[in-house]
Each structure stands twice: as C-alpha cells, then as structure tokens.
Amino acid sequence: MRLRFLVLVVGLCGAQFKPNTGPGRTSIVHLFEWRWADVALECERFLAPHGFGGVQISPPNENIIITNPWQPWWERYQPISYKLCSRSGNETEFRDMVTRCNNVGVRIYVDAVMNHMCGANAGAGTHATCGSYFNAETEDFPAVSYSSLDFNDRKCKSPSGNIENYQDIYQVRNCRLVSLLDLALERDYVRSRIAEYMNRLIDIGVAGFRIDAAKHMWPEDVKATLDKLHNLNTTWFSPGSKPFIYQEVIDLGGEPVTGSQYFGNGRVTEFKYGAKLGTVIRKWNGKKMSYLKNWGEDWDLVPSDRALVFVDNHDNQRGHGAGGASILTFWDARLYKMAVGFMLAHPYGFTRVMSSFRWPRNFQNGTDINDWMGPPSHPDGSIKNVTINSDDTCGNDWVCEHRWHQIRNMVVFRNVVDGQPFSNWWDNHSNQIAFGRGNKGFIVFNNDDWYLNVTLQTGLPAGTYCDVVSGQKKGDSCTATEVHVAADGMALFLISSDREDPFIAIHVDAKL
C-alpha cells in the first residue's frame, strides 16, 4: 500500500513538469507587458500558425500605480489585490484572450506573484489599477483581505527588515526583498487566498504559472499552496491535467538557496543557461563554441527535465536578476540570434523565447539609468497596441524578437526535431561547430573571424534543403541559401564570418 501511494505522489508531482502545450509545440514566448487584446490577436495571426506552444503573460492582478518614476515595468510585481485588472486589460479582456488563444492551441502561462505585496514605503490610498484601497504602512489590504498578521515581519531577523545577506537562508526567505512586504506563506489563510486567485485563473483556462521570486519562499510553503490548485479546465485539457509550474530561482552557485531545493514543486528557471551561453558566444574568458559539445548537466546546469531555459528574460536584459554583462539581448542582435538558434536546436530543457520593447538607454557609470522604463505608452499611461509592419516585424517600439524570421523558423526547427537525439557533432576546436538532431535536422555555426568551408555528415535523407536562417521554403523553391545533401548524408556548408547571421539550419520539413 505504501509503495502504491508513493507512485501516486510522484506521478502527481511529475505532472507539474509537463508544459501542457499541444502536440508538436515545444516552445513558449514571453510577450512582456502586452495588452490582453494584442496577445489574443497574436495567438491567432502568428503564434498558432508558426508552431508556438504558449505565451507567458505579465501579472494580471491589480497592482500599485507608481508615478515616480512614471509607471515603471516593475510596478506589475507589486500586488494590491488579486482582482483581474491591470495595464494589460480587465477581466473580460483577460477571459477573451485565454479563450481565443486556447481555441487555436496556444496556451497561457501566468506570471504569479506569491511572495509579497507592494513596497513598504508605498503609502496609503487607492492608487492601484482597480482603485482598491490599501495601507502599506499598517499592512492593510482589505481587497484580499490581508492584515499585519499575514506578513513575515516577526520572523525576519535583519536590522532593516530587508534581505541584507544572501548567505543567510532565513533572511532570503523571511525578510523583505527590496522592501516588498513579505507574505507569511506558512499561514494557511495566506496559502488559501493565493490558491483561490490561481484557481480562478485555472478555471478560466490558463495552462500554468511562472512563480515569481520562488527563491524567497520556503519550498514546502510553495508546495502546500500548489497542492490546493485545481486540475486544468477540461474544455481544452485532458481530465486530470495539472498546471505547469516553473519557479523563478536565481541560482548561479555559491549561495545556500539552490534550484534543486524546488524540484519537488515543478521546473526551475535555469539562469546559468543564458549567463554561460552568453560568455561562450561573446568568446569571453577564452571560451569557445567547441566547448559546447557536452552542453547541459556537465556545465553544472540542472537536469534537462527540470529546466525552463532562456537566453535572456525581462530582468537580466536590463542588468537585473542574474548573468550580468554576459547576457545577450536584442541590443546585440547578431550574437543574440546565434544564441537563440543554438538554444532552439539543442535538446536541453524546455525553451522560452523573449519578446521585448525598446527604451531609450542612458548609461551613467556603466549603469542604464532608464532600465526602469515601462512599455510603450500613451500620455495617460495606457499601453500602446502592438502594430505589425509589412515585413511582419513590429512597430510602436515593440521589438518582437519572436517575429524575427531567424527565431520564428528555429521555433519550427525545434518542433520538427522534437524527440530526436543529439547527433553528428563537429567542431574545428574553435568557434565553428555543427550538430544534428537524429535524421530530422542539422545546424552549423561560424562564430570565428574566418570563412567556414566544410563538408559534414548531416544524418539527413538526400535532397535539396532550404536554410531556415537566411530564408525558408516557399512552394518548390528556397527564398535564400540551398543546401544539397548527398545520398550518404554529406553536405557542403559555406558560411562567411561577416554574414549577417553566421549560421545555417536545415530540417526535413524544409526539404524541396
């Protein structure tokens, strides 16, 4: 009987590692700060036709409105209540988005803020996106409702009440993160209020959650909260399906809090992935792409089936979070596309693509003092809609990396090669590498300062293939580079070191 119970528990826990994406869809995209109306449109017009599995959205609950600085992006991470109204839209628009995206097979993953409410110095009033009253000084949030009993002040032992020492596990999990009012998740009342909010989202039709600041909560408290969650809505998901859980745990090593401590709850965000890959692609510290042959756990990354991976995210592309200057972003477009291409071709982890907005960078003493700036907005603070240009890129200062044809086509590449083994590795002992995914796909990179001219075993069937990086298959022809694979699987690859995108990728669905 005990053995059967153990198997049941492991099986239920394991369900939270499954992304709940539709068949043949293996990546999600973070549409950072998009309006719900625009997300719904993007699911229908672009994400579904191009094989994206889902969208991570910004927190949908009521948050504080900050006017100094003017509505920064991080105000979304300062809850006032769990009502569904934010800069992205109201509850009706949220429900419409979830329904429309699910109806075309694109799932919605909510960025869930469980660790805290707003900042301790936020004052009192109704300056919140639904107009709810709150008093940060007395820790009174009647719209939830939370009182001072529901916060961790008595447990925190640091002089300031904030986290001062990341080597002290009790401070990290009991004290305030940058003075945000830290919820007492050990209290069943708090767990129940959070679970009530998340269950409402599940019942609407979301597929899972990114757990913000999971590192700052005790894993057992997170588990006790997640244990209260409903199964997914059977309108779109199989009976008994559990929400996909991935937890923000910034673990670069050297601290007592580690990602592995949270494996029992779901996947974790592997921040070492982008930090280490960025160092390699930038060729810093003597790193070479040839070293990537054993990429994965051998690089001290968490096990593949526990990892949510990304090249950059909304925090570290602004210098926050983890990874520092090694992180590649849309500002480094040429290197960035190589890094994302590598991520989407390599079998490690479950992949998330970033989709950003531009802001006017202003560096002073090496720090971007404009990194607080929120999304493209009208003078009244409302978010601008995402306009689409004739070449499928975005306007209104939305970057839309997921629409760059190189990244969009590599999302398709990952779908095509899903389940195929890592194979046919080649390198020149420097920064020219190639590898295959069984008999379905092959990719070649030239990150050296000289020409690549080499004949390689691709593992693919004979024929003419379209390079999906420089172009794609269109009818019976290629819009750019063609690659001819011989009967024995060999093919010649030519890549100039000054090519705009110095990599080539082919797969069986791009065969003429």
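Let's start with two helices. The axes of helix H5 (residues 188-204) and helix H6 (residues 219-226) come within 9 Å and cross at roughly 50°. Axes here are lines fitted to C-alpha atoms, for helices over the stretch in contact, with angles running from 0 to 180 degrees between N-to-C directions. H5 and H6 are therefore oblique to each other. On the cut-offs: under 35 degrees is roughly parallel, over 145 roughly antiparallel, 65 to 115 roughly perpendicular, and the rest oblique. The crossing of H5 and H6 is right-handed.

Who makes the contact? From H5, Arg191, Ile194, Ala195 and Met198; from H6, Asp221, Ala224, Thr225 and Leu226. Contact means heavy atoms within 4.5 Å. By class, there are 5 nonpolar, 1 polar and 2 charged residues.

A word on the source. This is a predicted model, where local features need pLDDT of at least 70, side-chain atom pairs count only at pLDDT 80 or more, and totals for chains, interfaces and linings use all residues. Residues are numbered from 1 along each chain as its sequence is written, and side-chain values use heavy atoms, with hydrogens and water left out. Helices (H or I, at least four residues) and strands (E, at least two) are DSSP runs, numbered from the N terminus.

Now the barrel. 8 strands close into it, in the order E1-E2-E3-E8-E9-E10-E11-E12, and the pairing is parallel. Neighbouring strands of this sheet are turned by 30° against each other on average, direction ignored. Pairing needs at least two DSSP bridges between two strands. Take strand E11 (residues 307-309) and strand E12 (residues 350-355): 2 bridges join them. Val309 has Thr351 in E12 as its bridge partner.

Next, helices against strands. H5 lies across strand E3 (107-113) and strand E8 (208-212), at about 150° to E8. H8 lies across strand E1 (27-31), E11 and E12, at about 155° to E12.

H8 also packs on a helix. The axes of H7 and helix H8 (residues 333-345) come within 10 Å and cross at roughly 125°. H7 and H8 are therefore oblique as well. Their crossing is right-handed. Tyr273, Leu277 and Ile281 of H7 meet Leu335, Met338, Ala339, Phe342 and Met343 of H8. That contact has 8 nonpolar residues, no polar and no charged.

Stay on helix H7 (residues 271-281), which holds Thr279. Is Thr279 buried or exposed? Buried, because its relative accessibility is 13%. The limits are under 20% relative accessible area for buried, over 50% for exposed, and partly exposed in between (1.4 Å probe, protein chains only). Leaving aside neighbours within four places in sequence, Thr279 touches Trp284, Asn285, Lys287 and Ser326.

Next, Ser88. It lies in the loop between strand E2 (54-57) and helix H3 (91-103). At 4% relative accessibility, Ser88 counts as buried. Beyond neighbours within four places in sequence, Ser88 is in contact with Glu33, Trp34, Arg35, Trp36, Arg76 and Ile383.

Last, an antiparallel pair. 6 bridges join strand E18 (residues 452-457) to E23. Leu456 stands opposite Ala491 in E23. Which face of strand E23 (residues 490-495) is covered? The one with Ala491, Phe493 and Ile495; Met490, Leu492 and Leu494 form the uncovered face. In a regular strand, side chains alternate between the two faces of the sheet.

How values were computed. A crossing is left-handed if the near helix is turned anticlockwise from the far one by less than a right angle, and right-handed if clockwise. Ala, Val, Leu, Ile, Met, Phe, Trp, Tyr, Cys and Pro count as nonpolar, Asp, Glu, Lys and Arg as charged, and the others, Gly among them, as polar.
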